[in-house]
Number of protein chains: 2
Amino acid sequence: MTHPLRIGIAGLGTVGTSVVAIIEGQRALLRARTGSDIEITAVSARDKNKERSVELGAYRFESDPMALVSASDVDVVVELIGGAEGVAHELVKTALKNGKHVVTANKALIAAHGASLAAEAERKNCALFFEAAVAGGIPILKALREGLAANAISRVIGILNGTCNYILTHMWEGKRELADVLAEAQALGYAEADPSFDVGGMDAAHKLAILTALAYGAAPDLKHLHVEGIEGVSFRDMQFADQLGYTIRLLGITSRTEQGILQRVHPCLVAKGSSLASVRGVLGAVQVQGDSVGTVFMQGAGAGGAPTASSVVADVMDIARSNRSYAFGIAADKLAALKPAPMASLASAYYVRIGAVDKPGVLADITASFRDSGISVKSFIQHGQAAGEKVTIVIATHTTTEADMQRALATIAKQPSILEAPFSIRIEE
Amino acid sequence: MTHPLRIGIAGLGTVGTSVVAIIEGQRALLRARTGSDIEITAVSARDKNKERSVELGAYRFESDPMALVSASDVDVVVELIGGAEGVAHELVKTALKNGKHVVTANKALIAAHGASLAAEAERKNCALFFEAAVAGGIPILKALREGLAANAISRVIGILNGTCNYILTHMWEGKRELADVLAEAQALGYAEADPSFDVGGMDAAHKLAILTALAYGAAPDLKHLHVEGIEGVSFRDMQFADQLGYTIRLLGITSRTEQGILQRVHPCLVAKGSSLASVRGVLGAVQVQGDSVGTVFMQGAGAGGAPTASSVVADVMDIARSNRSYAFGIAADKLAALKPAPMASLASAYYVRIGAVDKPGVLADITASFRDSGISVKSFIQHGQAAGEKVTIVIATHTTTEADMQRALATIAKQPSILEAPFSIRIEE
C-alpha cells in the first residue's frame, strides 16, 4: 500500500460532482482495484455556495482554481472547467509544469493544445489523460492507446455528439423537423441554449481530432478537418434515405488514405441494420478498423455526468497504478504533423436531392451532369406533383470522388429548371 | 529507450504465427507505442518442420517448451499451447516462479488455475495477462480491469462462442437445422471435429468464469456456473421466437443478485433490433452494466488468428510499458471465493414450446400448471394440425423464477396429452 493519491478538482458541474460521488461512494472498490487510497483534498468552482448533490465540506475550497496547481497536497489536478483557452489551459499547463498529473474531460483544450501539453507532461514524467473528452463513458482512448495498440489503424468512425444523435433519432421516430426536436431537446436540457457548436459539428470535430491523433500518432489538427453539421437534414431526407435502405447519422470519420489522413464530420447515410444505425438517442459509439483485429465497435453513454465521471475516475485510477502511457499513444516528440488528404480526394457514394420544375428534359439534364462528371447512378426516386409543378428527384450514386460530385452538383445548380440547390449527403457503406 | 523486451512463444498454430507476424511486421509501430523494442528470441512447437505462414529462422527453436521458462534471454513467455492442465499449466506456473511475465490465450487454464497463477505472478512482481482468452480481439478484460474500473458492475452479458453464433445465425438465415449447419461449419474449419465443447457451452463457460472474476473480484469458479448448450434449439424455435419479436443467441451472463453471483451459459431469446441480436456469424460481443457508466457494448472478432494475436501482442505491449495491473483487477490475495446464487433463484421470462395432442382440455391443463406455479403468460401461439393430431403450443411468460418455471414444466410434462417434453428457452430482456 503506497501513500494516498491526492486529487484536486477544478469545476463542480454535473461531471465534477459525479467524480466526487464515485470517489467517495466507491472508496473500497477503488482501493481494491488500484492498491492505493484515492482522496480528494481540494476543490474549486466559481460559486462555493451553489447547491450541489454531493457533500463538499471535507475538502478545502479554493476560489481560485490556480491554487490547486501549487498545492503541496494535490498530486492530480482534475480539470473540468472547459474551454480551449483561458483558465482551463493555464491550469493544465501550470499543473504539468509543477509536476502534477492531469486528468481532463476538456476536448476543446486537448484538440487545440494536446501536443504541447503532452510534451510538457512527458518532460515532467507526469500523466496527461483525457478519456472523458471523447465519447463519455466509452473507454475508446484506452482501447486505441493500449487494447488495440498492436494494430495499424486504417479508419475510425464515431457517433460523437449526443445532441445531434438525439435530434436525428427523434426526427425520424417522431416524423418531425429539426427545429422542432431541437427546441424540445433544449427544454429537456439535452441541448445548449446556443446549440450551434453541437448541431454545426464542431463538438464532434474536437473529439474526432483527438481520435485521429491516437489512431495515427499525429498531433491533433483541427485545421485540416472538414466539418458540416446536420442543419440541412430534413425529415423528407430521412424518408428518402429509408426508401433506399439507410438511416441518417452525424458521423466523425478519420481515415488513412493514399494521399494522407482525411478527417471529416458530416451527416451520413448508414445502412439500416448496421451497428452505427442501431445507435439511438443520446448514445455514442466508435468503430475502429485495425489491420489485425478487423472491426471493433463500442457503444455506450457518450455524455452525461456519471458516465463521463466514470472515465475521469478510470484515468485517476490509472495514475494510482502508475500507468504512464503516452497521452497520444506515442511519445510527444514523435507526434508527426498530420499529413492531410484533401477533402476533394474523398471516395464516397452520395445521396443527392434535387428540386426541379417537372417538365421534359429536366431529368436528361441532371443525369447528363452526373455522366459528364463520370458518376454512375445506383438508385433513383422521383416524386412528382402536377405536371409543370415542382418535382423532387433523389439519386443515390455509386462510389465517386468528392471533386467529381461537387463539379456535378455545381453544374446541376446552374440548370434553369432547378428550383432549389441540390442537397447531398454522403453514404457511408 | 530501455533494453528490448524479449519474447518466447510456446505454440505456433494460427494465433502463434499471427503473433510472430505482428511483432515482425509492426516493429516500428510497436516501438513507437511502447518506447521499447519487442523481440522474439525463441519459439517452441510440437513440429519444427511444419509449413507455416511466417519465417521462424531467426529464432532459437526449442522442442521442449519448458526450455523457454529457464532461458535467460526470455522476459515474457507467451503460452499458446492450450488446455487447463499438462504442459500449458506447468509452463505458465514455472515461468512465473522463475520471474518471467506471462501472456496467454488459454481460457481453460485461467478459468481453472487463474487465481493461484495470479498469486504467483504478484509474488514475483510479474505480469499475468490473458486478454486473448476472452472474446478474441475485443479488449474487454482491459475495459473491465481499467477503462470501466470506477464502476461497480452489476451484469456482464457475452456472445462468447463464435461457433455457436455462426450456427445460430446460419440456421435462421438459411432456414436450416443445427446438424446441417454444424456439418458445414466443420467442413469450413469454423467448428472442431468434436464440437461438443463449443456447442455444449463449455467454451463460453470458461470465458464467462474469467469475466465474472474481473467484474466482481472473485476467483474464477467453474463449479458454480449453470451451462446449457444450443443442442436443443431448432429452426422451428427460431420461427416462433421471430413471431414473438426475438432472435436466439447463446449468451453467457454473470450478474450480481441479492443472493450472490449468478453465472450461466444458455440459449436466450433477445429482442430483435437489440445490440446482442445484431451480432451475426462468428462475431463476438460483450455488454457490461456499470453503476456510473450504464451499459457499454463492445463487438468484434471473437476468434481467429489475427484478432486473437492482436490481444496477445497488446498484452505484451502493456508489459513493455511496465503496466502491472492485477491479473483479475484486484490483488490476488484479495480475490474472494465467489458466493454463488442458486440457479433456482434466477428471475427471468421464458419461452416454452409444448407438443400435445389437439383435444379439448389440453390448453386448460397447461395454463393451469402455469397458474399454479404463479407464472403469468404474456404471449401465446398455437399451431394446430388436424383435430386430434399434434398441436404445438408456444408460450412467452412474464418474469418468474427458475424454480417456479421448472416446477410448472415438470407438472406439464406429466400431463397425459403431452407428446414431447416441454422445451424452454430463457428470455433476456
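## Reading a two-chain model together

Author: Let us begin with how the copies meet: 100% of the interface residues of chain B are also interface residues in chain A, so the two copies meet through the same surface. Keep in mind that this is a predicted model.

Reader: Happy to start there. What rotation superposes chain B on chain A?

Author: A rotation of 180°, with 0.0 Å of shift along its axis, does it, and the RMSD is 0.0 Å. The two copies are therefore related as by a two-fold rotation axis. To find that axis in chain B, look for B:Met298: its C-alpha is the nearest to the axis in that chain, at 2.2 Å.

Reader: Now the sheet, please. In what order do the strands of the open sheet in chain B lie?

Author: First the general idea: strands of a sheet pair through backbone hydrogen bonds, either parallel or antiparallel. Here, the open sheet of chain B has 6 strands in the order S3-S2-S1-S4-S5-S6, with parallel pairing. Strands S3 (60-62) and S6 (128-129) of chain B stand at the edges with a single partner strand each, so one side of each has no neighbour in the sheet.

Reader: How many bridges join strand S1 to strand S4 in chain B?

Author: There are 4 bridges between strand S1 (residues 5-10) and strand S4 (residues 76-79) of chain B, and these strands run parallel. For a pair you can pick out by eye, take B:Ile9, whose bridge partner in S4(B) is B:Val78.

Reader: Which strands does helix H4 of chain B lie across?

Author: Helix H4 (residues 86-97) of chain B lies across S1, S4, S5 (101-104) and S6 of that chain, and runs at about 165° to S4(B). Helix H12 (residues 305-320) of chain B also packs on the sheet, where it touches S1, S2 (38-44), S4, S5 and S6 of chain B. The direction of H12 makes about 160° with that of S5(B).

Reader: Let me try single residues. Is B:Glu120 buried or exposed?

Author: A residue counts as buried under 20% relative accessible area and as exposed over 50%. With 9% relative accessibility, B:Glu120 is buried. You will find B:Glu120 in helix H5 (residues 107-123) of chain B. Beyond its neighbours within four places in sequence, B:Glu120 is in contact with B:Lys93, B:Leu96 and B:Lys97.

Reader: And B:Ala187, buried or exposed?

Author: B:Ala187 counts as exposed, at 70% relative accessibility. This residue, B:Ala187, belongs to helix H8 (residues 178-188) of chain B.

Reader: Where is B:Gly302 found?

Author: Look in the loop between strand S12 (294-301) and H12 of chain B. B:Gly302 has a relative accessible area of 17% and is buried. Not counting residues up to four places away in sequence, B:Gly302 touches B:Ala135, B:Gly136, B:Val282, B:Leu283 and B:Gly284. From B:Gly302 to B:Glu120 there are 182 residues in sequence and 29 Å in space, C-alpha to C-alpha.

Key. Residues are numbered from 1 along each chain as its sequence is written. Chains are lettered from A and ligands numbered from 1 in the order in which they are written. This is a predicted model: local features need pLDDT of at least 70, side-chain atom pairs count only at pLDDT 80 or more; totals for chains, interfaces and linings use all residues. Side-chain values use heavy atoms; hydrogens and water are left out. Copies are superposed by least squares on the C-alpha atoms of residues with pLDDT of at least 70 in both. Contact means heavy atoms within 4.5 Å. Helices (H or I, at least four residues) and strands (E, at least two) are DSSP runs, numbered from the N terminus. Buried means under 20% relative accessible area, exposed over 50%, partly exposed in between (1.4 Å probe, protein chains only). Two strands pair if DSSP finds at least two bridges between them. Axes are lines fitted to C-alpha atoms, for helices over the stretch in contact, and angles run from 0 to 180 degrees between N-to-C directions.
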